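Subject: Handover of a structure, with notes

Dear colleague,

Please find below the structure that I am passing on to you. My notes follow directly after it, arranged by topic so that they can be read alongside the model.

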Amino acid sequence: MDTLIGVLTPAFLLHLFFHVAVPVAMAALFFRKDFKHATLLMLSGILIDIDHLAANPIVDPDRCSVGYHLLHSFWLIPVYVALALYPKTRLVGFGLVIHIILDTAECVRTGSPLLLPVSF
Ligand SMILES: [Zn+2]
């Protein structure tokens with residue numbers, strides 16, 4: 001089993017950086033008047049990574065999170081989009097959608113296949 005230090009490649013660190021930088025940048029660009037509040041709510045999207053604790057290894061840069069971990073399930077993505085569309089949950093929804101987009105981009109970058117629930 002890899003240690004956490006072993007999986008912290010520069011590319012993976014960049015991925016983790018984006019999980020913080022993109023919500024902060026979005027808050028700075030679109031929610032300037034309420035920057036702190038918007039930043040904290042959008043950063044809360046990273047909390048769905050708690051589901052990694054149920055996997056072994058907990059962190060595997062070569063494993064695609066989307067479709068693998070419970071809170072990264074395909075059926076939850078429309079729920080996250082719905083949260084982003086509803087005004088009272090918009091910021092949390094944005095954070096969740098940003099999180100899924102970044103994780104999907106990481107899957108594409110690493111070439112790890114999305115575990116689609118249906119085959120074509
Ligand atoms: Zn994730």
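Helices H4 and H5 cross each other in a left-handed manner. Please bear in mind throughout that this is a predicted model.

The pair H4 and H5

The axes of H4 and H5 approach within 6 Å, and the angle between them is roughly 140°. The two helices are therefore oblique to each other, H4 to H5. On the H4 side, the contact is formed by Ile 77, Tyr 80, Val 81, Leu 83 and Ala 84, while H5 contributes Arg 90, Val 92, Gly 93, Phe 94, Leu 96, Val 97 and Ile 100. Sorted by class, the residues where H4 meets H5 are 10 nonpolar, 1 polar and 1 charged.

The pair H3 and H5

H5, which spans residues 90-110, also meets H3, which spans residues 35-43. The axes of H3 and H5 come within 7 Å, with a crossing angle of roughly 45°. H3 and H5 are therefore oblique to each other, and their crossing is right-handed. From H3, the residues involved are Ala 38, Leu 41, Met 42 and Leu 43; their partners in H5 are Leu 91, Val 92, Phe 94, Gly 95 and Ile 98. This contact between H3 and H5 comprises 8 nonpolar residues, 1 polar residue and no charged ones.

The pair H2 and H3

H2 covers residues 10-30, and its axis comes within 9 Å of that of H3, crossing at roughly 150°. The crossing of H2 and H3 is right-handed. Val 20, Pro 23, Val 24, Met 26, Ala 27 and Ala 28 are the residues of H2 in this contact, and they face Phe 35, Ala 38, Thr 39, Met 42 and Leu 43 of H3. The contact of H2 with H3 holds 10 nonpolar residues and 1 polar residue, with no charged residues.

Burial in H3

Which residues of H3 are buried? They are Ala 38, Thr 39, Leu 41 and Met 42. The elements covering these buried residues of H3 include H2 and H5.

In soluble globular proteins, nonpolar side chains tend to be buried together. In this model, the largest nonpolar core has 8 residues: Ala 27, Ala 38, Leu 41, Met 42, Leu 91, Phe 94, Ile 98 and Leu 102. At least two residues of this core come from each of H3 and H5. H5 provides the largest share, with 4 residues. Apart from this core there is another, of 7 residues, including Tyr 80, Leu 96, Ile 100 and Cys 107. Returning to the largest core, one of its members is Leu 91. Leaving aside residues up to four places away in sequence, Leu 91 touches Ala 38, Leu 41 and Met 42.

Individual residues

Met 26 is located in helix H2. Is Met 26 buried, partly exposed or exposed? Met 26 counts as partly exposed because it has 17 C-beta neighbours inside 10 Å. When residues up to four places away in sequence are set aside, Met 26 touches Met 42, Phe 94 and Ile 98. Between Met 26 and Thr 9 there are 17 residues of separation in sequence and 26 Å in space, C-alpha to C-alpha.

Val 24 is also placed in helix H2. Val 24 is partly exposed, since 14 other C-beta atoms lie within 10 Å. Val 24 and Phe 74 are 50 residues apart in sequence, and their C-alpha atoms are 25 Å apart in space.

Gly 6 belongs to helix H1, which covers residues 4-7. Gly 6 is exposed, because 11 other C-beta atoms lie within 10 Å. From Gly 6 to Asp 60 the separation is 54 residues in sequence and 9.9 Å in space, C-alpha to C-alpha.

A cis peptide bond

Most peptide bonds are trans. Asn 56 and Pro 57, however, are joined by a cis peptide bond, with omega at about 0°. Pro 57 is found in the loop that lies between H3 and H4, the latter spanning 77-85.

Yours sincerely

Methods:
Residues are numbered from 1 along each chain as its sequence is written. This is a predicted model: local features need pLDDT of at least 70, side-chain atom pairs count only at pLDDT 80 or more; totals for chains, interfaces and linings use all residues. Axes are lines fitted to C-alpha atoms, for helices over the stretch in contact, and angles run from 0 to 180 degrees between N-to-C directions. A crossing is left-handed if the near helix is turned anticlockwise from the far one by less than a right angle, and right-handed if clockwise. Two residues are in contact if their C-beta atoms, placed from the backbone, lie within 7 Å. Ala, Val, Leu, Ile, Met, Phe, Trp, Tyr, Cys and Pro count as nonpolar, Asp, Glu, Lys and Arg as charged, and the others, Gly among them, as polar. A nonpolar core is a set of buried Ala, Val, Leu, Ile, Met, Phe, Trp, Tyr and Cys residues joined through C-beta atoms within 7 Å. A residue is buried if 20 or more other C-beta atoms lie within 10 Å of its own, exposed if 12 or fewer, and partly exposed in between; C-beta atoms are placed from the backbone. Angles under 35 degrees count as roughly parallel, over 145 as roughly antiparallel, 65 to 115 as roughly perpendicular and the rest as oblique.
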